[in-house]
Amino acid sequence: MSTPSLSALPIRRLTPRDLLACADLSENRGWPREEHKWGLLLSAGTGYGIDEPDGNGLIAAYVVTRYGAQERPDLAAIGMVLVAEQYARQGIGRRLMEYAVEAAGTTPLTLHATPFGRPLYEQLGFKVIGRVEMVRGHLTPAGPLPDIATRPATAEDLTTVLRLDTEVFGHDRMHVITRLPAFTDQFRVAVADGEIVGYAGAWPNMETHVVGPLVARDTETAKALVASLAAHTDRPLRTDIDVRHEELLTWVKESGLEHVADNTVMTYGTPELPGDWTRRFAPLTVAAG
């Protein structure tokens, strides 16, 4: 198929009915199928894709998750930018990203770039602002655990968690956070002096439990939350930690997690992300910012 005919294929909005096609596309590129994650992204965010000319599946896709007022977002995260192997290196990825940038208008954008995707994003004007390190493994806490209480979150905690999340993240993401009790296998809070000072989720992703989001008042609280999640699963943990949190990264590695990969945090239309990074240890998923 020639490039001109590819460029004429329309980009359409995806729906939850496209979940299996998205998972097939992930598998085509050697990524895990991640159907559970795709389900969240297609419900909390908006997917866009290009269909095969014969209508049999997708040749490309991406998801954008908007934060703040949905009619006029304050920030949007782009993730899961995928092009089928047989259509790679034919300009499809650039076309998708140009479409995403144009559709965003004045809304600032953020994404986590793999080493493979970073050159394209830089060509389109995205700037590097940070890095996260993916780690994975069975966690056995190194040394004594912090003396910080954690417990499963309850429905009554949700209002406080939402308020704290907006403060730390910098924008309202109620449409994502309110899905966490159903999306995660564990959703826990840390409590000190009767107040919630952190929260974290562990959600199923293939054979692992992904830790995210991880929000905590300090490193000791983050350790307590991660340890409490590990104590309630037999699966290996996987998470993406902001490399500025050196103490937490050192601890999880001493506790059994190993380096897997690095992703670059990039933005477009804003020099930095809002909120308080000192309390934002790991995202829900890099695909949603």
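Let's start with the helix pair. The axes of helix H2 (residues 19-28) and helix H3 (residues 35-44) come within 9 Å and cross at roughly 125 degrees. Axes here are lines fitted to C-alpha atoms, over the stretch in contact for helices, with angles from 0 to 180 degrees between N-to-C directions. Helices are DSSP runs of H or I with at least four residues, strands are E runs of at least two, and both are numbered from the N terminus.

Two notes on the source. This is a predicted model, with local features needing pLDDT of at least 70 and side-chain atom pairs pLDDT 80 or more, while totals for chains, interfaces and linings use all residues. Residues are numbered from 1 along each chain as its sequence is written, and side-chain values use heavy atoms, without hydrogens and water.

Back to the helices. H2 and H3 are therefore oblique to each other; that label covers what is left after under 35 degrees (roughly parallel), over 145 (roughly antiparallel) and 65 to 115 (roughly perpendicular). Who makes the contact, meaning heavy atoms within 4.5 Å? From H2, Leu19, Leu20, Cys22, Ala23 and Ser26; from H3, Glu35, Trp38, Gly39 and Leu42.

Now the strands. Strand E2 (residues 46-51) has 5 of its 6 residues buried, that is, under 20% relative accessible area with a 1.4 Å probe, protein chains only. E2 runs antiparallel to strand E1 (residues 11-13), joined by 3 bridges. Pairing requires at least two DSSP bridges. E2 also pairs with strand E3 (residues 58-67), antiparallel, over 6 bridges.

Look at Gly49 in E2. Arg12 stands opposite Gly49, and Gly49 also stands opposite Ala61 in E3.

Note on methods. Contact means heavy atoms within 4.5 Å. Buried means under 20% relative accessible area, exposed over 50%, partly exposed in between (1.4 Å probe, protein chains only).
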